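Please keep the sequence and the structure in view while reading.

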Amino acid sequence: MTRTIDYSLYLVTGRELLPQGKDYFESLEESLQGGVTVVQIREKKAETAEFLDIALKSKAICDRYNVPLIINDRIDIALAIDADGIHVGQTDMPVSMARKLLPQKCIIGVSCNNKEELQKALENGADYVGIGAIYATQTKDLTKPLVGVRGIGPLLQMLDGTSVKAVAIGGINSKNVLRVLHGSVSGTGHSLDGIAVVSAIVALNQPRQAASELSEILSEFKKGPSIFHGMSSAANGHTTDSITSGVVSLMNQIRTLNPLVHQITNSVVTAQSANITISIGASPIMATAVDEMSDLATICGALLVNIGTLTPPACAGMLAAGCHVNTWKKPIVFDPVGVDLLNKWQPSVIKGNAGELAALAGSIEVTSKGVDTVGNGFEDPVGFVTALARRERCIVVLTGKTDYVSDGHTCAVLDNGHEFLGKMTGSGCATGSCIASFCAVASASAQTEGQSLRGVLAKGDMFLASIAGILVFNVAAELAAARDDVKGPGTFFPALIDELTSLTPEVVQEHIKIKIV
Ligand SMILES: Nc1ncnc2c1ncn2[C@@H]1O[C@H](COP(=O)(O)OP(=O)(O)OP(=O)(O)O)[C@@H](O)[C@H]1O
Ligand SMILES: Cc1ncsc1CCO
């Protein structure tokens, strides 16, 4: 009988990484006390006798904690110490051959970097796969491309319907583990069975503490319901009435809370978006320098990243800002054109027009001319946003004449707005500023007392906040366009700022055009 293995926190040893003066066996024991659930002994340089000695002593320690032990590469050592399994790389003993040599109870794991390697591992009967490298690391020379967080999901999907388990490896630590867990869930809801770490435990003086922190994050993540582990939305329970009263409540709070909304946006709209943010009752800060990002993340209520006119310094700022804001569990609204940033941090909301979201989704149904969408948009916009929200594990907002907001289960269809918005540059960017401002309010006012936030990337109902941002902007646009002093898009914009400034929740409630599908 093969032993059932809990892959959650998979420690790969690395003696060369131990802090000066730290004993290898002491470090191993402390890691086990912290909650490591499986150990792989990796000794690339040791002679056989030394490897054997380390493996035997490690086995005795692991046995005391009832934690299975796996040997890297060396079948002879695995056999000699009666290990629970063996882990092979792509250039080591093939899985099928190892299977013949090892007792039936031994599990076999294999490192995989891409679909071809994973397919081979499946055909050869591997019990688990180590997917990596996710991030660049110093523990291993990389000869293959990084898988990246977003590369994990498609590989996990290949394991659907099999009993093969998967862990991700490469540069994972307590800072990025939640991003890896959230960002790697496949479109079919397949999530990682665990994460493998080396330096995030071994290189520390307090491995017990490091392991226990990682273990807590992992178990909080796994507690969440199915595909939506830790996602910020209560959309499932929403009705049009609950949305209307939720929007009224967010509007009532925004002017007293006056949240600081950090926006890294394009050079075309920076001042315009900052003014719109002020008019709805929030406070903009449009900083882009990398050095400021860590401090800003502590004081802002939400972050907006819009990549319309991307320059290398702004890109570096976006990278840093998103990582810091994720760490503080604050909302991020992403207005996309390029997707690589999403390997580094997890947005709470993605907002775009049909052309932008089609590009993000890899769909050819809709194309863009510059920043504008060509044609009528998607044939099934509700299906599209719902699928994209599921895939990206965040709220997705599709703007246009009609706006669609989905959390992957429920879709809200919003029919407010005015055609003048389509004739003004940066109206989509402004919608993003409004959404980010309400995300800041929803996050700040979220009821989280007594609730662990360890498995969650941002608190608050981002579905409701996205709807509030769109409604406030679009109802004010209707009021502005109807004014006698507004003759066209030129006079419309100042009137829009005025209407946003004086807009009340009661007026929004009167004008709201919403359907839940
Ligand atoms: N014809 C229209 N009628 C009503 N509302 C509209 C119309 N066009 C756009 N809007 C509203 O304007 C806002 C921006 O949406 P849009 O899809 O135009 O963004 P965008 O294409 O990203 O804009 P930009 O690239 O100029 O920033 C949304 O709130 C949307 O509801
Ligand atoms: C016109 C334009 N060009 C790059 S960003 C932008 C603002 C609208 O998205």
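## Overview

Eight strands, in the order β1-β2-β3-β4-β5-β6-β7-β8, form a closed barrel with parallel pairing. The model is predicted: local features need pLDDT of at least 70, side-chain atom pairs count only at pLDDT 80 or more, and totals for chains, interfaces and linings use all residues. Residues are numbered from 1 along each chain as its sequence is written, chains are lettered from A and ligands numbered from 1 in the order in which they are written, and side-chain values use heavy atoms, with hydrogens and water left out.

**Terms**

- Helices (H or I, at least four residues) and strands (E, at least two) are DSSP runs numbered from the N terminus.
- Two strands pair if DSSP finds at least two bridges between them.
- Axes are lines fitted to C-alpha atoms, for helices over the stretch in contact, and angles run from 0 to 180 degrees between N-to-C directions.

**Domains**

- The domain assignment gives domain 1 (9-222) and domain 2 (233-447 + 454-516); such bounds come from an automatic or database domain assignment.
- The centres of domain 1 and domain 2, taken over C-alpha atoms, are separated by 40 Å.
- Domain 1 supplies 14 residues to the contact and domain 2 supplies 15 residues, where contact means heavy atoms within 4.5 Å.

**The barrel and its helix**

- Strands of a sheet pair through backbone hydrogen bonds, either parallel or antiparallel.
- Strand β4 (residues 85-88) pairs with strand β5 (residues 107-112) in the parallel sense, over four bridges.
- Within this pair, His-87 has Gly-109 of β5 as its bridge partner.
- Helix α2 (residues 48-64) packs on the sheet and touches β2 (38-41) and β3 (69-72); the direction of α2 makes about 160° with that of β3.

**Helices α1 and α9**

- Two packed helices are described by the angle between their axes and the distance between the axes.
- Helix α1 (residues 24-34) and helix α9 (residues 207-223) have axes that come within 7 Å and cross at roughly 30°.
- This angle makes α1 roughly parallel to α9, since angles under 35 degrees count as roughly parallel, over 145 as roughly antiparallel, 65 to 115 as roughly perpendicular and the rest as oblique.
- The crossing of α1 and α9 is right-handed; a crossing is left-handed if the near helix is turned anticlockwise from the far one by less than a right angle, and right-handed if clockwise.
- From α1, Ser-27, Glu-30, Ser-31, Gln-33 and Gly-34 meet Pro-207, Arg-208, Ala-211, Ser-212 and Ser-215 of α9.
- The contact of α1 with α9 has two nonpolar, six polar and two charged residues; Ala, Val, Leu, Ile, Met, Phe, Trp, Tyr, Cys and Pro count as nonpolar, Asp, Glu, Lys and Arg as charged, and the others, Gly among them, as polar.

**The open sheet**

- Nine strands form an open sheet in the order β10-β9-β11-β12-β13-β16-β17-β18-β19, with mixed pairing.
- Its edge strands, β10 (283-285) and β19 (514-516), each pair on one side only.
- On average, neighbouring strands of this sheet are turned by 20° against each other, direction ignored.
- Strand β13 (residues 349-353) and strand β16 (residues 395-399) run parallel and are joined by five bridges.
- Asn-353 stands opposite Thr-399 in β16.
- Helix α11 packs on the sheet, where α11 touches β9 (260-264) and β10, and its direction makes about 155° with that of β10.
- Helix α15 (residues 381-392) also packs on the sheet, touching β13, β16, β17 (403-406) and β18 (411-414), with its direction at about 35° to that of β17.

**Helix α11 and its neighbours**

- The axes of helix α11 (residues 270-279) and helix α18 (residues 489-502) come within 8 Å and cross at roughly 30°.
- Helix α11 is therefore roughly parallel to α18.
- Gln-272, Asn-275, Ile-276 and Ser-279 of α11 make this contact with Phe-493, Ile-497, Leu-500 and Thr-501 of α18.
- The axes of α11 and helix α16 (residues 427-444) come within 9 Å and cross at roughly 40°.
- These two helices, α11 and α16, are therefore oblique to each other.

**Backbone details**

- Most residues other than glycine have a negative phi, and most peptide bonds are trans.
- The peptide bond from Gly-132 to Ala-133 is cis, with omega near 0°, and Ala-133 lies in the loop between β6 (128-131) and α6 (149-157).
- Asn-66, in the loop between α2 and β3, has a positive phi near 55°.
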